[in-house]
Amino acid sequence: MLASTSLGSGAGAGAAGVGGGPPDGAPALECTLSGPELKFRAAATIALMGAEMPATLDGQRVPYGKPVDVPAGATLSLATVEGPGQRSYLAVAGGFAAPS
């Protein structure tokens, strides 16, 4: 995970704040050229920024640059970059939980 302040172009800055300015040190998941498929165990609010990767949430298209509410149990799928750029950024309000 990258802190939003370390994203050189600022492409992930809006995503890290999920609709507002990014707080210092806010994490964003960087996806290069193609993205993952992620299942959300809890409800969350996300935002996507950077190079456009077609993204779907349980089969429904997800907009870029806007907060999106994700219900618990939903699956977010990011495909391969379309158009200019190589990296997309996914931010989750409140950050990420990962096992230690």
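Reading from the N terminus, the elements of the chain go β-α-β-β-β-β-β-β-β-β, which comes to 1 helix and 9 strands. Helices (H or I, at least four residues) and strands (E, at least two) are DSSP runs, numbered from the N terminus. This is a predicted model, in which local features need pLDDT of at least 70 and side-chain atom pairs count only at pLDDT 80 or more, while totals for chains, interfaces and linings use all residues. Residues are numbered from 1 along each chain as its sequence is written, and side-chain values use heavy atoms, with hydrogens and water left out.

On confidence, pLDDT (the predictor's confidence in each residue, from 0 to 100) has a mean of 79 over the chain, with 74% of residues at 70 or more. Residues 1–24 are the place for caution: pLDDT stays under 50 there, and the model has 50 contacts beyond four places in sequence for this stretch. Contact here means heavy atoms within 4.5 Å. Among contacts in the chain between residues at least 6 apart in sequence, 66% link residues at least 24 apart.

Four strands make up an open sheet in the order 3-8-5-6, and the pairing is antiparallel; two strands pair if DSSP finds at least two bridges between them. Strand 3 (37–39) and strand 6 (60–61) sit at the edges with a single partner strand each, so one side of each has no neighbour in the sheet. Strand 3 is joined to strand 8 by 3 bridges, and Leu38 stands opposite Leu76 of strand 8. Another 3 bridges join strand 5 to strand 8, where Ala55 faces Leu78 of strand 8. Strand 5 (residues 55–57) also pairs with strand 6, through 2 bridges, and Leu57 stands opposite Gln60 of strand 6.

Strand 8 is covered on both faces: Thr75 and Ser77 on one side, and Leu76 and Leu78 on the other, are all buried. Buried means under 20% relative accessible area, exposed over 50%, and partly exposed in between (1.4 Å probe, protein chains only).

What about the nonpolar core? The term covers a set of buried Ala, Val, Leu, Ile, Met, Phe, Trp, Tyr and Cys residues joined through side-chain atoms within 4.5 Å. The largest such core has 19 residues, and Phe40, Ile46, Leu48, Leu57, Val62 and Leu76 touch the most other members. At least two residues each come from strand 4 (44–50), strand 5, strand 7 (68–70), strand 8 (75–78) and strand 9 (87–92). Strand 4 gives the most, with 3 residues.

Strand 9 also holds Ser88, which is buried at a relative accessible area of 1%. The Ser88 side chain makes a polar contact with that of Tyr64 (3.4 Å). A polar contact is a pair of N or O atoms within 3.5 Å; within protein, one must be able to donate a hydrogen and the other to accept it, and residues adjacent in sequence count only if both atoms are side-chain atoms. Leaving aside neighbours within four places in sequence, Ser88 is in contact with several residues, including Leu29, Glu30, Cys31 and Met49.

Finally, the structure has 1 salt bridge, defined as a side-chain nitrogen of Lys or Arg within 4 Å of a carboxyl oxygen of Asp or Glu. The side chains of Glu30 and Arg87 form the pair (3.7 Å, N to O). Glu30 is partly exposed at 31% relative accessible area, and Arg87 is partly exposed at 37%.
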